[in-house]
Amino acid sequence: MGKSGRKPRESHRQGRGRRTSHFGDDLPSSAYDAPPPHHEDSSDDDDDGTNGATAEDEQEEDAKADEKDQWAAGSMPSKFHLYQLSVQSPKGDISYLQKFFLMYVGGRVPLHLQEDFCGTALLSTEWIRTDARRTAIGLDLDLESLEWCLENNLSKIGADGYSRMLLFHGNVLQPKEARLVKQRFNDLVQGLDVNSGNGSSGSNKCEQLGLANSKCIANSTMSEAALPGRDIICAFNYSCCCLHSRKDLVLYFRHAFNILSKRGSIFVMDVYGGTSSERKLRLQRKFPSFTYFWEQEEFDITSRQTRISLHFQAGKKQMLRHAFTYHWRLWSIPEIKDCLEEAGFKSIHVWIREMPNTQSSGNAKEYNANRDVKYEESQRFNQGDAWNAYVVGVANI
């Protein structure tokens, strides 16, 4: 049921310094899982230009450092911070995104990412951090999580990050109406000596900072922005389960298909299943300073709808119950493939990995995944207790 964690997500009733803007004409697997294997792509990394082992080692060290800093003050951190520490693994996702793009498109390096249902956009932040040429667009219905990203994730990258990443507040079913989230450009401009040595005036500050077009239009919509065709669009954290009807799922896939690059591009989502996904289930993972609980509170076999809640506990008395709650419709892989084909995708590929057995009773089961289990492309897969999958739609080849 889950890849190593994820970011809070919307619900659908659903280096530093100045650069030229890269935006020109040119969030679970919130279920349970452990971080991808340290040596996950030891043989494949030579093909996709990533180093999965090093990336994951660094990620775990960063998480430990962040956790220690947050508890230094003796108060419980933000629910968004707890989520990122316990549920997300952006470097593992990015490694697979690159691999899928090079396998099914090839010919160039993917640069332009859109992360739908992005939550705190940790994946997008990591995406632009890893290559100065990259851009990212995040879209989510939860304004609070987007603003938290600006203050806590994107702010760590600095001016260069603000010039290459845009966050939009809106519904994935109506993306053109989504509005750009204000990014405190006045503070950013004041922090940089944009007039130094170039004789330029204050009226051109946006251009000097690489914030031309949409990023200088307060409250602009996505339809008004000059954005590149996306090389990759992803919808992780089981976010497509927020869409409860087939009509909405196809509509969303069509929106994604229409903004993908005409030069060749992919759409990637995740999904989970197995016998454990169709019953009540409560799992936990212990961290040095807190415990994370994933609870599937109910499952309706007639509608395939379920309710998921995430809880956090720090010490014996600090308990943050229902920090995040999701009402999902669990889509099957055949249903997803059928909807992607109807939306226009040329080919669909499924990568699956089997998860550890979760049969348990009584209190929450301590969950630890086998780090050696990889995702593998599959044409056939026998249903197990728990599995997680990437579904890749290839467009415009």
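H169 touches L139, D140, L141, D142, L143, L146, A178, R179 and V181, with residues up to four places away in sequence left out of the list; a contact here means heavy atoms within 4.5 Å. The place of H169 is in strand β3, where helices (H or I, at least four residues) and strands (E, at least two) are DSSP runs numbered from the N terminus. H169 is partly exposed, at 30% relative accessibility; buried means under 20% relative accessible area, exposed over 50%, and partly exposed in between, with a 1.4 Å probe and protein chains only. The C-alpha atoms of H169 and L180 are separated by 6.3 Å, and these two residues are eleven apart along the chain.

The structure is a predicted model, in which local features need pLDDT of at least 70 and side-chain atom pairs count only at pLDDT 80 or more, while totals for chains, interfaces and linings use all residues. Residues are numbered from 1 along each chain as its sequence is written, and side-chain values use heavy atoms, with hydrogens and water left out. The predictor's confidence in each residue is the pLDDT, which runs from 0 to 100. For the protein chain the mean pLDDT is 76, and 68% of the residues reach 70 or more. The pLDDT is below 50 over residues 4–60, a stretch that has 238 contacts in the model beyond near neighbours in sequence. It is also below 50 over residues 185–216, where 56 contacts are found beyond near neighbours in sequence.

Nine strands form an open sheet with mixed pairing, in the order β4-β3-β2-β1-β5-β6-β14-β11-β13. Two strands pair if DSSP finds at least two bridges between them. The edges are held by β4 (179–180) and β13 (376–377); each has a single partner strand, so one side of each is left without a neighbour in the sheet. Helix α6 (residues 143–152) packs on the sheet and touches β2 (135–140) and β3 (165–169), and its direction makes about 160° with that of β3. Such angles run from 0 to 180 degrees between N-to-C directions, the axes being lines fitted to C-alpha atoms, for helices over the stretch in contact. Helix α11 (residues 333–343) lies across β6 (265–273), β11 (347–354) and β14 (387–395), and runs at about 160° to β11.

Strand β5 has partners in both β1 and β6. Strands β1 (residues 112–116) and β5 (residues 232–235) pair in the parallel sense over three bridges, and Q114 stands opposite I233 in β5. The strands β5 and β6 run parallel and are joined by four bridges, with I232 opposite I266 in β6. From β5 the chain crosses through helix α10 (residues 246–259) to β6, and this β-α-β crossover is right-handed, meaning that, with the strands pointing away from the viewer, the path from the first strand over the helix to the second runs clockwise. Both faces of β5 are covered, as I232 and C234 on one side and I233 and A235 on the other are all buried.

The count of disulfides, each a pair of cysteine sulfur atoms within 2.5 Å, comes to zero. C149 is in no disulfide, and the nearest cysteine sulfur, that of C118, is 6.9 Å away. C149 is buried, with a relative accessible area of 0%. The sulfur of C234 is 9.2 Å from the closest cysteine sulfur, in C118, which is too far for a bond. C234 also counts as buried, at 0% relative accessibility.

In helix α5 (residues 122–129), seven of the eight residues are buried, so this helix is largely enclosed by the rest of the structure. The buried residues of α5 are L122, L123, S124, T125, E126, W127 and I128.

Most residues other than glycine have a negative phi. N237, although not a glycine, has a positive phi of about 65°. N237 lies in the loop between β5 and α10 and is buried, with a relative accessible area of 0%. H322 is not a glycine either, and has a positive phi of about 50°. H322 is found in strand β10 (residues 318–329) and is partly exposed, with a relative accessible area of 37%.
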